Amino acid sequence: MSFLARRLTTATPRLSTSASRAFSASARRDIAKITLVGNLAATPEVKATSTGREIIEYAIASNDGRGENKRTSWFRVATFSEEGPRRDYLTSLPKGSTVFVEGDAVMNTYVDAEGKTRSSLSIYQKNLEVLRRGTSSE
């Protein structure tokens, strides 16, 4: 074994499989983050969960490409927001408002009524910024 090879093997610390991350004091969490920019498909709606907690749900349309190559991707977003000015502002945003959303992405798998295995992407909003407020059609 060459001098350089011996030096690299002895100088490189071996990590055990149970070693904690050196750059973080918190526990490891497997979570995917997502950032979206798009237009609201409709005014956000407040719905009750099975536990009685209220959740705000809305959909975002994001366009890609031009002309005949234009594609629209649809994303369903949910957020838990307590009653107050933030919630009132979010639920007052009209269809067509351009928004910037940061959130956690979770992939869910389920079996539909026909017995087929399906997947859906759930996005839980952590941050929302309104880039352009749509015009209300009232």
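Is serine 97 buried or exposed? Serine 97 is buried in this predicted model, with a relative accessible area of 0%.

**View 1. Surroundings of serine 97.** Serine 97 sits in the loop that runs between helix H2 (85–91) and strand E5 (98–111). Its side chain reaches two backbone atoms: the oxygen of proline 94 at 2.9 Å and the nitrogen of glycine 134 at 2.9 Å. Apart from neighbours within four places in sequence, the residues in contact with serine 97 are Gly38, Asn39, Leu40, Arg132, Arg133 and Gly134.

**View 2. Salt bridge between glutamate 57 and lysine 47.** The N to O distance between the two side chains is 3.1 Å. Glutamate 57 belongs to strand E3 (residues 54–64) and lysine 47 to strand E2 (residues 45–48), and the two residues are 10 residues apart. Glutamate 57 is partly exposed, at 33% relative accessible area; lysine 47 is also partly exposed, at 38%.

**View 3. Salt bridge between glutamate 54 and arginine 87.** The closest N and O atoms of this pair are 2.4 Å apart. Arginine 87 is buried, with a relative accessible area of 10%, whereas glutamate 54 is partly exposed at 34%.

**View 4. Salt bridge between arginine 71 and aspartate 64.** The side chains meet at 3.0 Å, N to O. Arginine 71 is exposed, with a relative accessible area of 53%, and aspartate 64 is partly exposed at 42%.

**View 5. Network of Lys33, Asp104 and Lys126.**

Technical notes. Residues numbered from 1 in each chain as written. Predicted model: local features only at pLDDT ≥ 70, side-chain atom pairs only at ≥ 80, totals over all residues. Heavy atoms only, no water. Helix = DSSP H or I, 4+ residues; strand = E, 2+ residues; numbered from the N terminus. Buried < 20%, exposed > 50% of the residue type's maximum accessible area, 1.4 Å probe, protein only. Polar contact = N/O pair within 3.5 Å; in protein donor to acceptor, adjacent residues only side chain to side chain. Contact = heavy atoms within 4.5 Å. Salt bridge = Lys/Arg side-chain N within 4 Å of Asp/Glu carboxyl O.
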